[in-house]
Amino acid sequence: MATVGHIVSRTPASEVLSRAQQRAMLVPDCLVEARRIANTVISGWHGRRKRGIGENFWQFRPYSDGESMSRIDWRRSARDDHTYVRDREWEAAHTIWLWADLSPSMMYKSKLGAVSKESRALVLMLALAEILARSGERIGCPGIMEPISARNAAERLATAIMLSPLAEGLPETGMIRSASDLVLIGDFLDPAEKIMDRLGPLAKRGLRGHVVEIADPAEEVFPYTGRTEFTDPETGLKLTAGRAEVLRDDYQRAYVSRRDSLGVTLRHLGWTFSPHRTDRPASEALVAVHTYLSGMPGRATHGGQL
C-alpha cells in the first residue's frame, strides 16, 4: 500500500500536552518564515484617503474664515495671493483579528505539498500580523490575544499561540466589534452549510470577513490508487478502499462542489474567499489578503488556486 501523505504529528488525542509542545516547537520557525515572506510583500497600508489627524501630507486647500490661524501654511501662501491650509491625511488604527485553524486535519502533508497545512496557516497569520503591525494597525486573535498596536505584534502573537490551550473548530467571536476585519485561515472541510451557520451571523453583525482555504494538493487531485486506507484525523475513523482510483471522480466533484458553495455564499455576504495550495508560494495568498484588507481592487476566486 503506497503512502501518499501522512499526519505530520500523529499523537493520540488524549495526549493534549504533547500536541501543544509540538505546536510550540513549530511556531518559532513559522515566525522566521513569516518575516521573510512579509519582507517580500509591499507592506504600506493604503491610507483612508480623507482629511483628518495623521502625519502624512494630504493636500493644500484655501483658508476658510473662522479656522485657526495656526493651520495656515505660510510658505505655500506666499507663492500667490491666496491663503492656504495644509491638511493631513486621516490615519486611524484599524482592528484586524487573525485566526488560524490548528485542528488535527491541518497537520496533514502529502508528498505533493511543500509544508503541512498547519505550518502554512501559521506562516500566513504571522506574516499578516507582521505587515499590519508595521502599518500601525491593531492586531488580535480571538480567544488567544486581545488587539494590540505594537511593532512586535507578530512576535507577541506567536508567543500567545505557543502558550494557549489547544482549541478546535471556528473561534468564539463575541468579543469582536462590527467595525473590525476578521481573517480566517484553515482547510474548512466541514460541509458549507455547517460553516455558514457560524459565519453567517458574523456577516450580519457587520464584520468584514476574509476566508483563506488551505489545501494540500493531494486533497484536490486525489492521487491514490490501489488498496488505500484513509484515516479521519479528527475522529480516527478509517476507510479502506480496494481500488481507490474508482473513487476519484466522485470525490473531486464533491470537493469542488463544497468549495464552490462556500465561496459563492461568502461572496454573497460581502466577504472574500481565496483557496490556496501548499505547493504554491505563501506570498501569493499573503498578497491576495493584504489587497483585500487595503481596499484595493481585487478579485476573490473560488474553485482554483491563487
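In the predicted model, the count of aromatic pairs comes to five. In one of these pairs, the ring centres of F222 and Y224 are 4.9 Å apart and the ring planes meet at 75°; the pair is therefore edge-to-face, since the angle is over 60 degrees. Both residues of this pair, F222 and Y224, are buried. F222 and Y224 also belong to one aromatic cluster, together with F230, Y251 and Y255.

Charged side chains are placed over tyrosine rings at two sites described here. R258 lies over the face of Y255, at 4.7 Å from the ring centre, and Y255 is itself a member of the aromatic cluster that includes F222 and Y224. At the other site, the ring of Y84 has the charged end of R76 over it, 4.2 Å from the ring centre.

The surroundings of H210 were examined separately. H210 is located in strand β9, which spans residues 208-215. The relative accessible area of H210 is 6%, so the residue is classed as buried, the limit being under 20%. A polar contact of 2.7 Å joins the side chain of H210 to the side chain of D181. D181 is also among the residues that H210 touches when those up to four places away in sequence are not counted.

How values were computed
Residues are numbered from 1 along each chain as its sequence is written. This is a predicted model: local features need pLDDT of at least 70, side-chain atom pairs count only at pLDDT 80 or more; totals for chains, interfaces and linings use all residues. Side-chain values use heavy atoms; hydrogens and water are left out. Helices (H or I, at least four residues) and strands (E, at least two) are DSSP runs, numbered from the N terminus. Buried means under 20% relative accessible area, exposed over 50%, partly exposed in between (1.4 Å probe, protein chains only). A polar contact is a pair of N or O atoms within 3.5 Å; within protein, one must be able to donate a hydrogen and the other to accept it, and residues adjacent in sequence count only if both atoms are side-chain atoms. Contact means heavy atoms within 4.5 Å. Rings of Phe, Tyr and Trp (its six-membered ring) pair if their centres lie within 6.5 Å; planes under 30 degrees apart count as stacked, over 60 as edge-to-face and the rest as tilted. A charge sits over a ring if NZ of Lys or CZ of Arg is within 6 Å of the ring centre and within 35 degrees of the ring normal.
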